[in-house]
Amino acid sequence: MAVPHQKFLSLSPTLHQVCSSHLINDYWISLLKLFQVSHVRHDWRSVASKQFQLLSELCRLANETVHDAVRRFIT
């Protein structure tokens, strides 16, 4: 007889603080796009929005992966 883990176990994973910060929300990323500098080659502002968009996607993927793994483990 198998007993589902959810009967006696509770898991609440926590991601890194940056994944819940304002640095990865759409508003911040759109602000960074406003300050892009295309005529200066090595200026951080020209790639900042893309870097934060990537960070946002990585956080979203990590969150999905962790929650899916917990759901599978609990059941």
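This is a predicted model: local features need pLDDT of at least 70, side-chain atom pairs count only at pLDDT 80 or more; totals for chains, interfaces and linings use all residues.
**Disulfide**

I started with the cysteines, taking a disulfide as a pair of cysteine sulfur atoms within 2.5 Å, and the count came to one disulfide. The bond joins Cys19 to Cys59, S to S 2.0 Å. I then looked up the torsion about this S-S bond: it is about -75°, so the disulfide is left-handed. Cys19 lies in the segment before α1 and Cys59 in helix α2, so the pair ties together parts that are 40 residues apart in sequence. My helices are DSSP runs of H or I with at least four residues, numbered from the N terminus.

Residues are numbered from 1 along each chain as its sequence is written, and side-chain values use heavy atoms, with hydrogens and water left out.

Next came accessibility, with buried meaning under 20% relative accessible area, exposed over 50% and partly exposed in between (1.4 Å probe, protein chains only). Cys59 is buried at 6%, whereas Cys19 is partly exposed at 23%.

**Aromatic rings**

I paired rings of Phe, Tyr and Trp (its six-membered ring) if their centres lie within 6.5 Å; planes under 30 degrees apart count as stacked, over 60 as edge-to-face and the rest as tilted. That gave me two aromatic pairs. For Trp28 and Phe52 I found centres 6.1 Å apart and planes at 85°, so the pair is edge-to-face. This pair links distant parts of the chain, with Trp28 in helix α1 and Phe52 in helix α2, 24 residues apart. The rings of Trp44 and Phe52 are also edge-to-face, with centres 6.2 Å apart and planes at 80°. In it, Phe52 is buried at 14%, while Trp28 at 25% and Trp44 at 46% are partly exposed.

**Helix α2**

**Asp43**

Last, I visited Asp43, in the loop between α1 (26–34) and α2 (48–74). Asp43 is buried, at 16%. Its side chain makes a polar contact with the side chain of Arg45 at 2.6 Å. A polar contact here is a pair of N or O atoms within 3.5 Å; within protein, one must be able to donate a hydrogen and the other to accept it, and residues adjacent in sequence count only if both atoms are side-chain atoms.

How values were computed. Helices (H or I, at least four residues) and strands (E, at least two) are DSSP runs, numbered from the N terminus.
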